[in-house]
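Below is a short briefing on one protein chain.

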Amino acid sequence: MPVPRTRHLWAMAAAVVLTVTAPATTASAADTAALREVLFVANNWDGTADVIKSSGDLAKIGRINVIPDKDARMAAINADPIKWIYFMAIRNSVGEGHDQFADDMYSTPDGKSVVVSRPSFADVVSIDVATGNVNWRFPVSGYRADHMAVSPDGTRVAVSASTANTVHVLNINTGKQLGSFATGDKPHENIFTKDGKYIWNMAIGDVNTDSDAPWLDWTKGDRHITVVDATTYKQVKTIDMRDKLNAIGLTDYSDAVRPAVFSPDESKLYFQVSFFNGFFEYDVATDKITRTKTLPKNPATSDDRTTMVNDSRHHGISMSPDGSKLCVAGTMDDYATVVNRTTLQEGPLVPASKPYWATVSGDGKSCVVSESGADQVTAIDFATGQKTVSVPVGDHPQRVRLGHVAADWTSPAS
């Protein structure tokens, strides 16, 4: 069971910036043929990325150090009192006493580099997977980088700057900004629509405060979904789930949208919110929450909201490629489960230690969850709902993303 988080009120106002760069050239057919599909596992607390097979036994292929410039970054932080204050605040709040060195990552289309958001260093870097060297570094606005998303063609990456209320969109090959857009407080999840035309950003507000009681929910900040045009980065619309939750009588539920996933036709959005052991179905066309799914509670898990790490009782949701099944990471309840999307009936509750993310294997047959409390990733079969394999990874795995490396790739020399 996770220990309660260290509580800190961040004293500084947040602002988020999104920067976007012009599309780069995608990999050629010859290059693609020489690539190997893999899963990248971001080991947040030790600053590494494990590279594992994308399907089957998830066997480990290698590991990449994503903080090769740590000494230089720490020297810059120690020389700036404000940066040092934020660095320590991240360690003692969202980091649960640890530095956050690897949050999210995507590979470039040619498989030559991996792009990583590093919360404690407030930046995004591109690492050459052959040499382990930094190709480029982009400092985000404010003092913390968070979740990312990559465009369908793999050429642009959007990153949340969580203390700046901004999302930056970058050229994945050069790190140059293409644009940025403002969000609600503490932008978190980003999703490109499958046609690449829009970006959805979910702002979760302050998740590090003690004001977790429902009557104090207003202190958490401005939490809403921002939808922007992915070419102009102009706002198309905002969606406030507070009104939607109130409309179905859930006035005491948080409206902080956490991980989310679209149905294959993008007519429905399935999303988690702070403190809730379950998820919601949102109809995009009618702008309404259409179904609510409450998942089982673990009897060993406290209902005390202040014990829920960064306000997230459940954090991680993915969908099978055919859209028939959802996979949910029951973070504080220490399980993961596959849910039938038609009936919303959950399958077996697969024991998992603080599962913090859910994605889909390369062959589409399994849900892959990161067990941050056990330092392993686990595959669960979508068809049966049963665990198939677990493999050890680094310290506190969080985001798990499909990507590519060269077919003959081996870990760079340490």
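What percentage of the contacts in the protein chain with a separation of 6 or more comes from residues 24 or more positions apart? The share is 54%, where contact means heavy atoms within 4.5 Å.

This is a predicted model, in which local features need pLDDT of at least 70, side-chain atom pairs count only at pLDDT 80 or more, and totals for chains, interfaces and linings use all residues. Residues are numbered from 1 along each chain as its sequence is written, and side-chain values use heavy atoms, with hydrogens and water left out.

**Overall form**
- The protein chain holds four helices and 29 strands, taken as DSSP runs (helices: H or I, at least four residues; strands: E, at least two) and numbered from the N terminus.
- Its radius of gyration, over C-alpha atoms, is 20 Å, close to the 22 Å that the globule rule gives for 414 residues, so the chain is as compact as a globular protein of that length. The rule is 2.2 Å times the number of residues to the power 0.38.
- The C-alpha trace spans about 55 × 50 × 40 Å along its principal axes.

**Surface and charge**
- Of the 414 residues, 60% are buried (under 20% relative accessible area, 1.4 Å probe, protein chains only).
- There are 40 positive and 48 negative side chains, counting Lys and Arg as positive and Asp and Glu as negative, without His and the chain ends.

**Strand E2 and its partners**
- In strand E2 (residues 35-43), seven of the nine residues are buried.
- E2 runs antiparallel to E29 (residues 397-406), with eight bridges; strands pair if DSSP finds at least two bridges between them.
- Glu 37 has His 404 in E29 as its bridge partner.
- E2 is also antiparallel to E3 (residues 48-53), through six bridges, and Val 38 is the bridge partner of Lys 53 in E3.
- Four residues separate E2 and E3 in a hairpin, and Gly 47 in the turn has a positive phi of about 70°.

Definitions and conventions: Buried means under 20% relative accessible area, exposed over 50%, partly exposed in between (1.4 Å probe, protein chains only). The place of a charge is taken as NZ of Lys, CZ of Arg, CG of Asp or CD of Glu.
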